[in-house]
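Subject: Structure handover: cavities

Hi,

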Amino acid sequence: MKKKINSLDTSLFSTGEKSKIEKDGSIKLPLEKEQEVLIITTEDGYRLVPLQPDIKRVYIEVTTKCNFDCITCIRSSWHDSELHMEWSTFVNILKSLKELPKLESVHFGGFGEPMMHPRIFDMLREVKALGVKVEMITNGSYLAKENIKQLIDLELDVLFTSLDSPEEEEYNSIRQGADFQSVSGNIAQLQAMKRKLKSRNPELGIEFVAMKKNYNSLPKLIRMAYELGASQIIVSNLIPYHESMKDEIVYDMDDTGRMFGNDSLLTTIKAQMSNMKLRTERSCKFVKDNTLSINYLGEVSPCYALMHSYHCYIYGRKKEIFPCYVGNVNNTSLQNIWMDSGYVNFRRAVNENHFPSCTDCRALEGCTYTDTNEMDCWGNSPSCGECLWARRIIACP
């Protein structure tokens, strides 16, 4: 028998308190103490967005230099210089980090090899002293014994290593300038020294970038990672930054079935798999996790994808990407940058998906808005309409 609701229990929907906007434009907030808010005009009236220094995660790019020359890397198409972050810039970052009451973790990465920075261990040590979780990603080539010992001694929480194949020939063809035996041996050496010193940290994470030439090797890579004692495996997809790689994408497959036959369960349970097909759902991990990114010059961006100027290929279409900077740590604090009204409103719009879905738009063919990320047909600048991170096709630690 169907039940009928005869009256509405409004207590179930009571989520706020009433107030009013005075004639002078002021508003009395029903809060225990003063709180700055951003007043946004909406179709239905007004919305109040609290201005809070609630940054939880910060990505720091300490260098744009790298000892590898991978065709899969953004550095094959960008227009930026290859430089180390100045120590004075890092000092300004550190000062800002100390002012963030909600900060939980700091990740050292970006689009260079962080272990090439001459003061990387000083940087890790200084941030670790703040009492937050500290992570780093590396290509694995600098994991010599003395460096491993320093990482263990300073109690780095997580070390991610890029490992795009368990096969020597395949790995070396993807990562030009790399040597599979050396990198895999370094990772094994890290784990062996941790056991010897009875240390759990740094936990080992493996990041795998999926493409046609290595995708079938993923189950073997997962087994190799767990034999090495990895605590997590992140499977991302390739963003082609070079024209020669645009046909290497695998995120147009039917991922509703069993992708690896008998090994499908292994990949599902053991790896954090990205989507292998465009889905309707969009969700920006950077915005939802209260995250921002800082590049080697101290420029602050909302996410990884907006840190540099470069071009890439979205389903075979060339797209120019312009960076988006919301401030610079050498001029103002992260707290002030984060609470800037324009940046707050940008995060709100992204969180609520107030931008078009360009990649699967029926008007895509012939649309010039998708040539760059400068602006979309809804008037947003920058445009997030073709962001593959939001589609969970691209992932980063």
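The largest cavity has a volume of about 660 Å³. Keep in mind that this is a predicted model. A lining of 32 residues surrounds that space. To centre your view, pick G110, F111, S162, R175 and E207, which lie nearest the middle of the largest cavity.

Three strands each put at least two residues into this lining: β5 (133–138), β7 (203–210) and β8 (232–237). By class, the lining of the largest cavity splits into 17 nonpolar, 9 polar and 6 charged residues.

Next, the second largest cavity. Its volume is about 320 Å³, and 24 residues line it. Closest to its centre are A305, S383, E386, C387 and W389.

Which elements supply at least two residues each to the lining of the second largest cavity? They are β12 (310–314), β13 (317–321) and α10 (341–351). Of these, β12 gives the most, with 3 residues. The class count for this second lining is 19 nonpolar, 3 polar and 2 charged residues.

How many cavities of 30 Å³ or more does a search of the whole structure find? The count is 3.

For a quick selection list:
- Largest cavity, centre: G110, F111, S162, R175 and E207.
- Second largest cavity, centre: A305, S383, E386, C387 and W389.

Best wishes

Terms used:
Residues numbered from 1 in each chain as written. Predicted model: local features only at pLDDT ≥ 70, side-chain atom pairs only at ≥ 80, totals over all residues. Heavy atoms only, no water. 1 Å grid on protein atoms, 1.4 Å probe; cavity = no way out; pocket = protein on both sides within 12 Å on 5 of 7 lines; lining within 4 Å. Points joined across faces, edges and corners; volume = space filled by probe spheres on them. Helix = DSSP H or I, 4+ residues; strand = E, 2+ residues; numbered from the N terminus. Nonpolar A, V, L, I, M, F, W, Y, C, P; charged D, E, K, R; others polar.
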